[in-house]
Amino acid sequence: MQVLVTGSHGFIGSALVQALDGAGHRVVRLVRSDPQRADEVRWDPGVGTIDAAPLEGLDAAVHLAGHPAAPHRWTAQHKARVLDSRVRGTHLLAETLARLKQPPATLVSASGIDYYGSRGNEILTESSSPGTGFMATVAQQWEEATQPAVDAGIRVCCIRSGLVFGSKGGLLPKLLIPFRLGFGGKLGTGRQYWPWIIIDDHIEAIMLLLESEASGAVNLTTPNPVQNAEFTRVAGTVLRRPTLATVPSPALRLALGTQMANELVLSSHRVIPERLLSQGFDFRFPELEQGLRYVLDKSD
């Protein structure tokens, strides 16, 4: 296949490109800077421009680009940039693909489990209703921005990713800094559910969706979300470090800002990948300790 990838230099994008290359597919990278290689095509979502001609005849596209919600404090300017980068960029790409004489058959577009909002112990699947809050609104509008591609008959999958754990990027290395220093501990009550997935499984799931017939929302998490207190226990076990500390919720809200702390750290998403399981996907790392040991290369 010929596959277009946005966000190809990011944590997930670079792993996906490597997997696509390894499987014998041809990758075309959509990049913001002037192309430096034959496989790069320029776009500028901020001003709404994209070089469409080289995109003719693609088999599929994977859209991963978007300004990160963390670690910056949630000022009005930062929140506007987060929303705009996701919605405007996705709409531009979807419209461009839809107008091609030979559009791709498939678009896999990033989203997140924030779509559901914080829901405590409620089990959440792809059929669950949308939630409330800033990040929930972002995810909902992010997915809606793919509509031009849907209207053009392109099969669209919106991947609602949980916490993607890997050793070369993403959130995990930052999460583990206090653990390595011996100050690891639960955040707030520790009862909030964290849906997670190891980077290898995340990439394999995208590869599956590129060649499946699935469309619509697909949760990319393991079937075993864990509460923060359990994550804390397992991380301490794997790293052989104490986990006696607790960061109270008020301290997190003071440090990060109330909204950011509530939605990114203290929120609870008990998400199950119902549609991925129905596709017959076999997780290599369904359990957290097994996954962290693999990522961190720690033995018993």
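1. Start with the trio Arg29, Arg37 and Asp39, which are tied together in a network of salt bridges. A salt bridge here is a side-chain nitrogen of Lys or Arg within 4 Å of a carboxyl oxygen of Asp or Glu. Arg37 is partly exposed, at 46% relative accessibility; the cut-offs are under 20% relative accessible area for buried, over 50% for exposed and partly exposed in between (1.4 Å probe, protein chains only).

2. Before you go on, bear in mind that this is a predicted model: local features need pLDDT of at least 70, side-chain atom pairs count only at pLDDT 80 or more, and totals for chains, interfaces and linings use all residues. Residues are numbered from 1 along each chain as its sequence is written, and side-chain values use heavy atoms, with hydrogens and water left out.

3. How many salt bridges does the structure hold? There are 10. As a general point, side chains of opposite charge can pair when their charged atoms come close.

4. One of the pairs sits in helix α2. Arg99 and Glu95 form a salt bridge at 4.0 Å, N to O. They lie 4 residues apart in α2 (residues 76-99), so about one helical turn separates them. Helices (H or I, at least four residues) and strands (E, at least two) are DSSP runs, numbered from the N terminus. Arg99 is exposed at 62%, while Glu95 is partly exposed at 31%.

5. Now look at Glu122 and Arg119, whose side chains meet in a salt bridge at 3.0 Å, N to O. Is Arg119 buried or exposed? With 19% relative accessibility, Arg119 counts as buried, whereas Glu122 is partly exposed at 37%.

6. Leu181 belongs to the loop between α6 (177-180) and β10 (185-187) and is exposed at 58%.

7. Two backbone spots deserve a look. Most residues other than glycine have a negative phi, and most peptide bonds are trans. Ala70 and Pro71 are joined by a cis peptide bond, with omega about 10°; Pro71 is in the loop between β5 (60-63) and α2. Arg240, not a glycine, has a positive phi of about 55°. Arg240 is in the loop between α8 (228-239) and β15 (245-247), and is exposed at 60%.
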